[in-house]
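Welcome! Please take a moment to look at the sequence and the 3D structure below before reading on.

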Amino acid sequence: MSAAPAPTPTAGTRLFALLGDPVSHSLSPTFQNAALRALGLDGVYVALRCGADELPGLLRGIARAGGGGNVTVPHKALAAATVERPSDAVRRTGACNAYWLEDGAIHGDNTDVAGAAAAVSLVLGRAPAGARVLLLGAGGAASAVVCALADAGVERIAIANRTVERAGGLAERYRAPGVRIDVADSADALSGERFDLAVNTTSLGLKPGDPLPLDPDATRVEIGAALDVVYTRTGTRWTDEMRARGLPAIDGKEMLIQQGAAAFRRWWGMDPPLDVIRVALEE
Ligand code: ATR
């Protein structure tokens, strides 16, 4: 399929920028620009590599000029401290991945939370309320997933992370009435248990030789569905293995799409065409 010609920028073109380091591998410019072109919107999305010293000035300048964008590693916490109107998700996670100008103020959201909520519902095939979830990993991605799960009213979250103190920090942060959150240093410690869903938020699966984040042959933990935050061009070995066992499983591309779609709604006040985004990511 041939790409639609890029529209010529005008004096009214809104600039959207991904700020982080590194940014050159990011797929956000590819699918955000595809969505802009499909809807004929006068905007352009670029990726700007920047250090912590430059981030606040760039973010404020781009937003004040009527634009916005995303923030990625390692600046999400700094962005949370820079925006003037942090969303509830930003306040609770301490991380901001989307910024824009609205009513004269710089707003920030953490759309990784909305992206995680959408992907969880999709793989479960229902709203997550009452579900029992095994979460593998306890870093930044895990934080957004726990926030989404706690909001959705799951019954239990078991966080397994090799550095168990980090898991304990997340459990403390998202403690909420009605949600049981407990921690373990590995999924083996949960042997004999059954979960509706396992979510991999570790980096395992990014490299070809990586072990599986949860090996169904080696652990006695039963799961009903699998969601991977990791994605590669060809999917992930973990989601392939789970699907081969007849379980619903989706990789991190869906969360990438859903967090980007949530950001697009904040910036433009309309839904992006998800089919166009999916095609752009396939190419
Ligand atoms: P992100 O922002 O993508 O979540 P991160 O904050 O660096 O990245 O977190 C990476 C997660 O992957 C952590 O939970 C990390 O475990 P530790 O907290 O013990 O470091 C986990 N991780 C990375 N490499 C791993 C490995 N080889 N085995 C198990 N867990 C791993």
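Predicted model: local features only at pLDDT ≥ 70, side-chain atom pairs only at ≥ 80, totals over all residues.

Residues are numbered from 1 along each chain as its sequence is written, and side-chain values use heavy atoms, with hydrogens and water left out.

Helices (H or I, at least four residues) and strands (E, at least two) are DSSP runs, numbered from the N terminus. Two strands count as paired if DSSP finds at least two bridges between them.

**The sheet**

- Strands of a sheet pair through backbone hydrogen bonds, either parallel or antiparallel.
- Here, six strands make an open sheet with mixed pairing, and their order is 2-1-3-5-6-4.
- Strand 2 (43-49) and strand 4 (85-86) are the edge strands, each pairing on one side only.
- Strand 1 (residues 14-20) runs parallel to strand 3 (residues 68-71), and four bridges connect the two. In this pairing, Leu 19 stands opposite Val 71 of strand 3.
- Strand 3 and strand 5 run antiparallel and are joined by three bridges. Asn 70 has Ala 98 of strand 5 as its bridge partner.
- Strand 5 (residues 98-102) also pairs with strand 6 (residues 105-109), in the antiparallel sense and over five bridges.

- Two packed helices are described by the angle between their axes and the distance between the axes. The axes are lines fitted to C-alpha atoms, for helices over the stretch in contact, and angles run from 0 to 180 degrees between N-to-C directions.
- Helix 5 (residues 111-124) packs against helix 9 with the axes 7 Å apart and an angle of about 130 degrees. That angle makes helix 5 oblique to helix 9 (under 35 degrees counts as roughly parallel, over 145 as roughly antiparallel, 65 to 115 as roughly perpendicular and the rest as oblique).
- The residues in contact (heavy atoms within 4.5 Å) include Ala 114, Gly 115 and Ala 118 of helix 5, and Met 255, Gln 258 and Ala 262 of helix 9.
- Helix 5 and helix 9 cross in a right-handed way (right-handed if the near helix is turned clockwise from the far one by less than a right angle, left-handed if anticlockwise).
- Helix 9 (residues 253-268) also meets helix 10 (residues 274-282): their axes come within 11 Å and cross at roughly 135 degrees. Helix 9 and helix 10 are therefore oblique to each other, and their crossing is right-handed.
- Among the residues that meet are Leu 256, Ile 257 and Ala 261 in helix 9, and Leu 274, Ile 277 and Leu 281 in helix 10.

- Most residues other than glycine have a negative phi, and most peptide bonds are trans.
- Asp 21 and Pro 22 are joined by a cis peptide bond, with omega about 5 degrees. Pro 22 sits in the loop between strand 1 and helix 1 (28-39).
- Val 73 and Pro 74 are also joined by a cis peptide bond, with omega about 0 degrees. Pro 74 belongs to the loop between strand 3 and helix 3 (76-82).
- Asp 103 is not a glycine, yet its phi is positive, at about 50 degrees. You can find Asp 103 in the loop between strand 5 and strand 6.
- Is Asp 103 buried or exposed? Asp 103 is exposed, with a relative accessible area of 76% (buried means under 20%, exposed over 50%, and partly exposed in between, using a 1.4 Å probe and protein chains only).

- Thr 93 lies in helix 4 (residues 88-93) and counts as buried at 7% relative accessibility.
- A polar atom of the Thr 93 side chain lies 3.2 Å from the backbone nitrogen of Ala 95.
- Beyond residues up to four places away in sequence, Thr 93 touches several others, including Asn 110, Cys 147 and Tyr 174.
- Asp 210 lies in the loop between strand 11 (197-200) and strand 12 (222-223), and at 11% relative accessibility Asp 210 counts as buried.
- Which backbone nitrogen does the side chain of Asp 210 reach at 2.8 Å? The backbone nitrogen is that of Gly 205.
- The backbone nitrogen of Leu 206 lies 3.4 Å from a polar atom of the Asp 210 side chain.
- Leaving aside neighbours within four places in sequence, Asp 210 is in contact with Ser 203, Leu 204, Gly 205 and Arg 237.

Conventions. Polar contact = N/O pair within 3.5 Å; in protein donor to acceptor, adjacent residues only side chain to side chain.
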